[in-house]
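Visitor: I have not looked at this one before. Can you walk me through it?
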Amino acid sequence: MAMFDRLRGASRSRILSAPSDEPRDAPGNRRVVKTARTKEAINEAARKGFRPLVKAVEPSKDIHHMVAVFQDPETGEIELSGDCRFGGRGEKVIDYTLYYPYHFPNPFAAYLLPRDLAVGEEVWLEDLIEDVVAVWGNQGFHPRLEAGPAVWNGTDFEVIHEADHWIG
Amino acid sequence: MRFDPNTKKLFTDSGELVKVLHCPLRMRWEQLGTRASSPHRTCGECDHPVLDTAEMSDAEVLATVRAEPSVCLCVRARQANVNLLTVKHAEAGAAPDRGRKAGPGR
C-alpha cells in the first residue's frame with residue numbers, strides 16, 4: 001500500500017458513526033488536525049510524516065464585520081462603532097463600512113493530515129482554512145468560523161457547522 | 001431572549017438561563033415534522049415537540065421549559081426577538097452585555 005493510500009480511502013480503520021454526540025464547540029474526544037500557514041511549517045510537517053493537504057486561502061465576500069469611526073474634534077481621539085443604532089461620540093469621519101477583518105500570512109495553507117486518518121473519521125480542525133460564516137448576524141457581523149468539527153471523506157474535510165439555527 | 005452561539009446557552013433578556021441547547025442527533029429544522037396550524041414541529045427521533053421560539057415571548061419560553069425541561073427549542077441566528085451574544089461585538093464599541101440583535105437592524 002502506498003504511503004498515503006489510507007488517506008485516500010483505502011482503509012476504514014476508524015470510522016465514527018455519524019452524527020456523533022461530540023460537542024460542536026470543542027474538540028471533545030476528536031483528534032485535532034493542525035493547520036500550517038507557511039512554507040516552512042508545511043515542509044517541516046511533511047518531513048515529520050504528516051500529509052499536507054494544501055488549500056488556497058480565499059476570503060469570502062460573506063465574511064465581514066462593520067465599523068464606523070468617530071473622532072473627537074477637540075482631542076482628535078477616535079472611537080469605533082459597530083452598531084449603527086448607537087453610534088459614537090464626536091464626528092463620524094468614516095461611515096459604517098463592511099470590511100474583512102482577518103489577516104493571514106500567505107494565500108495558501110495546509111491541513112496536516114496524520115498518517116492513519118481514515119475515511120469517515122470526525123476530527124477537530126483547530127484552524128479552519130476555508131471561510132465559513134460562523135454567525136449570520138446583523139449590523140454587518142458575519143465572522144468566520146475559526147475552528148470546528150469536520151469529517152474526512154477521503155479527499156477533503158466536510159465541515160460540520162450550523163450557522164443559521166440551533167436546536168436542542 | 002439572548003443566545004450565546006459558543007456555549008449554546010439561551011437566556012431571557014433579564015439574564016435568566018432558559019436552557020442549554022444540545023441535540024445529540026444534530027437534527028435540523030427541516031428534518032422535523034410539521035404540525036397542523038402550529039409554528040412548532042415534532043422530532044420524529046425523540047417524539048417530542050421542538051418549539052419555534054421566534055414567535056414566543058421570554059416568559060412563554062421560560063414557563064414552557066420550566067414546566068417541561070426536556071422540551072427542545074429552535075433558535076435562529078436572524079431571529080428578531082433574540083440577541084446573539086458575542087465578545088467581538090465589544091471591540092467595535094458597544095457594550096458587550098447588550099449583545100447583538102439577531103433580526104434585521106436597519
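What follows is a short chat about the two chains and the confidence of the model.

Guide: Keep in mind that this is a predicted model.

Visitor: What is the mean pLDDT of chain A?
Guide: The mean for chain A is 84, and 84% of its residues reach 70 or more.

Visitor: Where in chain A is the pLDDT below 50?
Guide: Over residues 1-19 of chain A. In the model, that stretch has 32 contacts beyond near neighbours in sequence. Where pLDDT is low, the predicted coordinates should not be read in detail.

Visitor: Now the sheet in chain A. What is the order of the strands?
Guide: The order is β5-β4-β6 in chain A, an open sheet of three strands with antiparallel pairing.

Visitor: Which are the edge strands?
Guide: β5 (78-81) and β6 (91-99) of chain A, each of which pairs on one side only. On average, neighbouring strands of the sheet are turned by 20° against each other, direction ignored.

Visitor: How many bridges join β4 to β6(A)?
Guide: Six, with β4 (residues 65-71) of chain A and β6(A) running antiparallel. As for residues, A:Phe70 has A:Lys92 in β6(A) opposite it.

Visitor: Switching to chain B. How many helices and strands?
Guide: Chain B has two helices and nine strands. Read from the N terminus, its elements go β-β-β-β-β-β-α-β-β-α-β.

Visitor: What share of chain B is buried?
Guide: Of the 106 residues in chain B, 33% are buried.

Visitor: And contacts between residues 24 or more positions apart? What percentage are they in chain B?
Guide: They account for 34% of the chain B contacts with a separation of 6 or more.

Methods. Residues are numbered from 1 along each chain as its sequence is written. Chains are lettered from A and ligands numbered from 1 in the order in which they are written. This is a predicted model: local features need pLDDT of at least 70, side-chain atom pairs count only at pLDDT 80 or more; totals for chains, interfaces and linings use all residues. Helices (H or I, at least four residues) and strands (E, at least two) are DSSP runs, numbered from the N terminus. A residue is buried if 20 or more other C-beta atoms lie within 10 Å of its own, exposed if 12 or fewer, and partly exposed in between; C-beta atoms are placed from the backbone. Two residues are in contact if their C-beta atoms, placed from the backbone, lie within 7 Å. pLDDT is the predictor's confidence in each residue, from 0 to 100. Two strands pair if DSSP finds at least two bridges between them. Axes are lines fitted to C-alpha atoms, for helices over the stretch in contact, and angles run from 0 to 180 degrees between N-to-C directions.
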